[in-house]
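Okay, thanks for coming, everyone. Let me put the structure up and then walk you through a few parts of it.

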Amino acid sequence: MMNIVVLAKLVPDLVEELTIDASGAALDLTFARWIINELFDDHAIEQGILLKERSGGTVTVIAPDLEGADDVLFTAAAKGADRLIKVRSDFSAANNHAVARAFSAIIKGFQPDLILTGVQAHNDLDGSAGPLLAESLGLPYVGYVSGVALADGKFMVKKEYPGGLIAEMEVTLPAVFGIQAAEQPPRYVAVSKVRQAMKTSSIEEMDASDLDLSGAPEIERMFQPEAAAHAEMLEGTPEEVSAKLVALFKELGVL
Amino acid sequence: MSQDIYVVIEHLRGQVADISYTMLAAARELSRATSGKVIAVLLGHNAKNLARDFAADQVLYLDHASLAEFTSDAYQKALAELISKDQPRAVLFGNTSIGADVASVLSMRLGLPLVNSCRSFTSEAKFISQICGGKIMAEGELPSPTALVTMVPGGYQPDQGKSVESPPVTESAVPALEALRVTLSKYIEPESADVDISKEPLLIAVGRGIQNKDNIELADALAQAIGGVVCASRPVIDQGWLPTSRLVGKSGKHVKPKIYFAMGISGAPEHVEAITQSDTIIAVNTDPRAPIFNVAKYGVEMDIFELVETLTETVKQAK
Amino acid sequence: MPIRETFWNIPHWAEIAQYVLALLTALVFIYGVGHRVLRWRKGLPEKRSGHFWARIWSLVTQVLAQRRTLDEAYPGLMHFTIFWGMLVLAIGTALATVDWDVTNLFFGFQFLTGWVYILFELTLDVLGLLVVVGLGMAIYRRYVTRPARLQKFPTLENVSYAARDDAYVLLMLAFITLSGYLTEGLRIAVTQPDWAAWSPVGSAISAAFLALGDPANQTLHLIVWAIHILSAFVILASLPFTKLFHIFSTPLNIYFRSLEPAGALQAPRSEGGVKEWKQFTWKQLLDFEACTRCGRCQDVCPAYASGHEFSPRDVMIKLEMHLWEKPNGRALHGDVVSAAELWSCTTCRACSQVCPAFIDHVGSFVDMRRYLVVEGTVDNQLQKALANLGRYGNSFGQSERMRAKWTQGLQPAIKDARKEPVEYLWFVGDYASYNQTLIDVTRKTAQVFQRAGLNFGILYDAERNSGNDVRRVGEEGLYEMLAEKNLQALSRCKYETIVTTDPHTYNTLKNEYAWNGNRPRILHYTELLDELISSGQLKFSKKLDARVTYHDPCYLGRYNGVYDAPRRILHAAGCELVEVPRHGDRAFCCGAGGGRIWMEEKPGRERPSEMRVREAVALDGVTTFVVACPKDVTMFRDAVKTTGSESRIQVKDLIELVYEAM
């Protein structure tokens, strides 16, 4: 029975207009909508459920107590998660070092075989949570993972490199993986199923120890890059334009 | 304790990744502010020859059988030892499948601060990181004593990190790499037949401007030369000139390539909404008022047929 | 005196054998019907009582008068003749039975005598001919002209049971009718009664046998009679097991049809949608059994026309076949009906509109979709749209704070109905609010309202997608959530009438929202403008002089019967309206309904919107394609481009013409 823990991170929704607060050094999160880190952590949950469905085990989903966490957890329960945990602390101002330390203290007690989380998030200013958590727990870490299987007491994971190359890595148990993409895209959960989960499952609340924020850089100012309202036009003959484009391709690292 | 800037070189199967040169260029800028040296750190096995074009003052080469291919565990161990011994001013990693597996772990293990997604450094040795999908930049002092930094492309050109002269290479001691928890089992090659455009880093997109089926071959030739994949907007797919798997748009796939090269695409919202996650959009269109130019970073006002063959040739020569 | 000589030439043993056979036939028949009835009872309950006289009237118009069936001339006439011919022959047989086995047996008298008998003979003889004509038309059509809608029925293990059934029924009916005539002819040939001329067909046949003479004719008569009787019993006994059962199931289905508004979809009767057939209601099961495979639905289906592997006819046939299957592991979802089929439907309701059996196709499809949604079997794009609707209340995935961005710069500013009372609350809808190409149309709508002096306001960011199409996708939970939020927002506002430009929104607000008896007046903007024009509040300053055609949106026309208001507005604005061939309740869907607009498009033949544009372009001198639905604007503008018709026709919302004419 594999004991799977998924750390589900919440991030401010980028759909909402971003503003910088009065200090000029942080985002104004007063009106932020906190949502699951969709591109990655949502996949981590899916991968956990897929593993459970395939090889058996239990899935515990643990999330920081931010507005929106209940929704994330109940949705996970509707997908098949067995245990839901919300960790209480002031996470809206926390960094990943602090999150990793706080969560590692709690997760350690679960004695997991496998910990999954999204490989990155758009607000990772001090590194990604996965490897920070792994090191806090003293466990091996592999990121950019797009497939996990258990074979002969070891994990076989698929790690993605640019250009579609995949490395198959063998990792000892227990381990932490940063999920790039689940083996299947996250499934749709009907609203009725989430509502059902709200009735049948409950969220355990746990308190985090004091947040230790060390390890992150200090931000002096934040700013929005100049919006390119219109494309920068490349002028010239076809030959000249071609040369400019090739230079651009090189600069952007594709040639 | 030194003012040197270390750059952890990324390479995969004998190929040095572009991000390594981008980092060398960044390190050069940073070293001016810190008055230290740029030191390339190369980990590998029988891979010393990779160091020949690094624009660095010195190359530290760590050779070990377990470093022949990248694995997070071995890299972490080797680098932890090196960094705690040398205590450079900063260590640059790529914010990539390689660097990101290592930098955060070292930050926690060594108790060193980490700056993530750094795009560039200022002349006062401040870092500028991009967050929130590039919508926000964050600036701050390079933290002390040793700043671990992961770098994203865009701030420097890889060419700036190359040098015609080979830098001096010093072999550095490698700790015992024992009881490794992560090992490489094998590489799996990407399937060439089965293209998933939503994962491709370089897309050559064609729209109505391509006019007829035969012209798809022109786009194909360019794609092959540059190493990209052809995709298309709705009208082209509707004509049956390309399979639906290549459809980009509201009714097709959403893509997020590094470069989206749009030829003859006007930029209807249905199309644009599917490409906004692209890093860089380059558009070629005869109509200067085509909305695609409002989302593209670079634009060319030209008939695609005037450009595409010349461009293909230029790309071939540049390789 | 003319009298019906029952069992003439029939030996007593044969007479007795006939009664034994009749008893056996009755037993098999009762068993078959009983099986069907018990099967209906396995379905879930559904209330279809009340409106007795309206239901009876349906039977008169749709069964006796065959109104819908007669919508199409050839098949209509074909069926009408068979129906009435057979009905009269059946009544005749019943009368003859009463005459002999009741009145004669028990009371010693016969009423089929004298002129009554002559009339009886004449009627049966002539109406039998109607049946022959009808059956001839049917055989010719099915096996010679072979229209597509009667071909390629779904099969089970490569056997086309439907085609077999059709052939069996048709040939048996023909055989019985012809053998009946033959029996009559032979009888007349032998007995040569004085009144033979009153059986013109029988007499004509008898002429052919006169030469044969007796006793050959008498023997032949007995043989043909035996065959006739035998085949009649066979078809009666097999009736509950063949499509002939539609003579009961179809009228029943017409009687029990829903008399609710077409736009009011039933909430799920089984939690999690229909997973297996027993989760359909008895009425839905009756639907499947009432289907006669006439294929009219397939002919009008936009999904079928655009090359989807889908036909409402086929789904009905497959469901009916499935009911007969013994438990064999074949699942309703996947084995019988595929997800791809279910997702193809645009819920345009063209199928139900033409169905002579009054089948509610869309209701069953949505019930099955509900299961797919709960199982998570939705395509990526639809999943994204639903996730966006859940999070932001719109399918565009944009912040609700941006919903009223289109109002920026409008002077005077549009009232916030949450803050001040208004007369008209304009429910703007997703597409009109967020779609960049539609913002111009939306702003013009606001300006028309302003110039007409309306006291109106909008909900600003409190509005959510109305949920009409969310519901039709099968995401009932999400629909409820959206509807609750909208009702909550509306309950805090003071207004008299809700107006919307979106027929989908209009439909669900009007027919499905739980207003708890306090439903406000809900108008489509065409209805509102029509009112304003006739009351003189809205005046046009110029005549547009344009030759236009008009596309009836499914959810405005077919679902809610609004056909005239938009046409009157066009007329008032000085437009000359040229109708597309498929208009009014036969309008051809744009392909976007039922959530299709959120789904991935599969490669197929031409898209419905493109066929529609071609239909319009073919009209003489028409340069403007007028629509009255925001989704139609995007669908058809796209189709005009993809068909390369930009120079021929342009797509305009009706409001744009009104704006121009003001």
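Here's one to start with: what percentage of the 319 residues of chain B count as buried? It's 55%. Keep in mind that this is a predicted model, so let me say a word about confidence before we go on.

For chain B the average pLDDT is 89, and 95% of the residues come in at 70 or above. The best-scoring element in chain B is strand β1, residues 5–8, at 98, while the lowest is helix α6, residues 269–272, with a mean of 69.

Now, the overall layout of chain B. You're looking at eight helices and 17 strands, and the C-alpha trace spans about 65 × 45 × 35 Å along its principal axes. The chain is divided into domain 1, which is 5–171, and domain 2, which is 197–318. Going by C-alpha atoms, the centres of those two domains of chain B are 34 Å apart. And if you take the contacts in chain B between residues at least 6 apart in sequence, 62% of them join residues at least 24 apart.

Okay, on to the sheet. It's an open one with 10 strands and mixed pairing, and the order goes β12(A)-β9(B)-β8(B)-β7(B)-β10(B)-β6(B)-β1(B)-β4(B)-β5(B)-β11(B).

Let's zoom in on β1(B). With strand β4 of chain B, residues 38–44, β1(B) pairs in the parallel sense over four bridges.

Helix α1 of chain B, residues 18–34, lies across β1, β4, β6, β7 and β10 of chain B, and runs at about 175 degrees to β1(B). Helix α3 of chain B, residues 99–110, lies across β1, β6, β7 and β10 of that chain, at about 160 degrees to β10(B).

Last stop, the A–C contact. Here 17 residues of chain C are in contact with 11 residues of chain A. On the chain C side, α15, α16 and α20 each supply at least two residues, with the largest share, five residues, coming from α16(C). By type, that side of chain C has seven nonpolar, eight polar and two charged residues.

Conventions: Residues numbered from 1 in each chain as written. Chains lettered and ligands numbered in written order. Predicted model: local features only at pLDDT ≥ 70, side-chain atom pairs only at ≥ 80, totals over all residues. Buried ≥ 20, exposed ≤ 12 C-beta atoms within 10 Å, placed from the backbone. Contact = placed C-beta atoms within 7 Å. Nonpolar A, V, L, I, M, F, W, Y, C, P; charged D, E, K, R; others polar. Domains from an automatic or database assignment. pLDDT = per-residue confidence, 0-100. Pairing = 2+ DSSP bridges. Axes fitted to C-alpha atoms, helices over the stretch in contact; angles between N-to-C directions.
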